[in-house]
Amino acid sequence: VRLLERNRRTLREQGIRWRITGVANRRIGWISDANGLDLEPILQGTPARPGIRTQDIRGWLKASAADVLFEASSLNPSDGQPAIDHIRAALETGAHAITANKGPLVHAYEELRSLAAAKQRSFLFESTVMDGMPIFSLFQRDLPLVCLKGFRGILNSTSNLILSGIESGLSYEQSLEQARQLGVAETDPGHDVDGWDAAVKTAVLIRVLMGHAIELGEVEREGISRLKEEAIRAARTQGRPYKSLCQAWREDGRVLARVSPQQIPLSDPLAWVEGTSSMVEFETDLLPGFAIREDHPGVDATAYGMLSDFVRAVGPPAQAAGGDATAGGDGEVQS
Ligand SMILES: NC(=O)c1ccc[n+]([C@@H]2O[C@H](COP(=O)([O-])OP(=O)(O)OC[C@H]3O[C@@H](n4cnc5c(N)ncnc54)[C@H](OP(=O)(O)O)[C@@H]3O)[C@@H](O)[C@H]2O)c1
């Protein structure tokens with residue numbers, strides 16, 4: 001909401017006007033007002049103006065007359081719910097769906113993509129991997145015909161921050177607390193330190209960019225929680241630091257994948273990816289040494305990924321992705 005507000009004038013110059021007509025989580029329930037909710041209470045986390053209260057996502061989407069849904073509920077690696085139902089309901093009622101939640105991609109990507117195409121709406125998810133860095137839009141729009149053969153990277157900020165924190169002398173608990181303060185830890189930090197978040201991201205990249213419908217259970221997964229603090233510090237001192245690596249490669253017509261802590265030499269660029277930073281090296285058939293790196297992102301970077309999806313969904317045709325680019329007859333968008 002802050003980024004939308006900060007960019008209100010620029011968006012208007014691109015023909016996009018917006019208002020927030022609904023907001024929901026379990027604590028506040030399903031609040032909507034098709035005329036627009038006050039922004040400040042939403043930013044404070046306490047939407048004071050009552051608006052209309054409905055019981056479920058479908059009633060809420062209808063009452064808010066939403067053109068776009070921003071889905072940012074907590075990750076549920078086991079089945080991707082309830083985010084899948086939220087996105088399905090939005091697309092079925094004719095709204096574009098934008099999500100930062102990886103669960104729906106690993107459990108229902110093909111279904112939701114088909115539904116979006118049938119409804120001529122956009123289903124976009126740039127923030128799900130490496131926050132606002134343009135991985136999916138880059139491959140899908142700007143790298144036609146390039147075959148992704150595999151990738152290797154550091155994709156879980158919390159694990160990387162904990163390893164960096166321990167190397168600098170903090171305890172495991174202090175480092176985890178630092179990740180919580182920065183807002184990068186998953187609500188259940190077990191999803192980070194046991195490798196779930198990284199495994200889900202790996203599976204998402206494989207499904208979307210390598211076109212292979214891998215199941216989450218097929219990604220070999222080992223978290224950083226088994227590593228001892230002394231071993232982590234000693235490894236860095238000896239010049240072979242531990243990093244939690246995500247890897248995928250093609251083999252015998254299949255795609256294999258692994259997430260695990262590994263010691264790597266200092267000559268490897270991944271050894272220098274510190275704290276909340278992340279990096280992924282892509283092995284393609286045509287572009288040698290192609291990598292994307294992100295240094296110390298905050299939550300603004302995640303929000304930017306959702307904002308960029310929003311512009312792609314409802315902006316002028318040059319920026320619009322997939323489906324019908326016009327969100328409303330007069331260019332006014334309700335979210
Ligand atoms: N934080 C980041 O830097 C980052 C980066 C990339 C992607 N992501 C992804 O973005 C999503 C949100 O991240 P976050 O850090 O903001 O998570 P969070 O702190 O757990 O917030 C999730 C929000 O969703 C609501 N929620 C959870 N379950 C719900 C349900 N069943 N129905 C309705 N509302 C529900 C929560 O409120 P209630 O508990 O009141 O329901 C809360 O408002 C996650 O999927 C995460 O993986 C986050």
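Hi everyone, let's start with a pair of side chains: Glu177 and Arg180 form a salt bridge, with the closest N and O atoms 3.4 Å apart. Keep in mind that this is a predicted model. Why do these two sit about one helical turn from each other? They are 3 residues apart in helix H9, residues 172-182, so about one turn separates them. Glu177 is partly exposed, at 34% relative accessible area, and Arg180 is partly exposed too, at 41%.

Searching the whole structure turns up 20 salt bridges. One of them links Arg207 to Glu110, with 2.6 Å between the closest N and O atoms. Arg207 belongs to helix H11 (residues 196-209) and Glu110 to helix H6, so this contact ties together parts that lie 97 residues apart in sequence. Buried or exposed? Arg207 is buried, with a relative accessible area of 7%, while Glu110 is partly exposed at 27%.

Arg226 and Glu222 also meet in a salt bridge, 2.1 Å from N to O.

Now for the strands. Strand E6, residues 96-99, is covered on both faces: His96 and Ile98 are buried on one side, Ala97 and Thr99 on the other. E6 runs parallel to strand E5 (residues 68-71), joined by 4 bridges, and Phe70 stands opposite Ile98. From E5 the chain passes through helix H5, residues 83-92, to E6 in a right-handed β-α-β crossover.

And who is the partner of Ile98 in E7? That would be Leu124. E6 and E7 (residues 123-124) are also parallel, over 2 bridges. The crossover from E6 to E7 goes through H6, residues 103-119, and is right-handed.

Note on methods: Residues are numbered from 1 along each chain as its sequence is written. This is a predicted model: local features need pLDDT of at least 70, side-chain atom pairs count only at pLDDT 80 or more; totals for chains, interfaces and linings use all residues. Side-chain values use heavy atoms; hydrogens and water are left out. Buried means under 20% relative accessible area, exposed over 50%, partly exposed in between (1.4 Å probe, protein chains only). Two strands pair if DSSP finds at least two bridges between them. A crossover is right-handed if, with the strands pointing away from the viewer, the path from the first strand over the helix to the second runs clockwise. A salt bridge is a side-chain nitrogen of Lys or Arg within 4 Å of a carboxyl oxygen of Asp or Glu.
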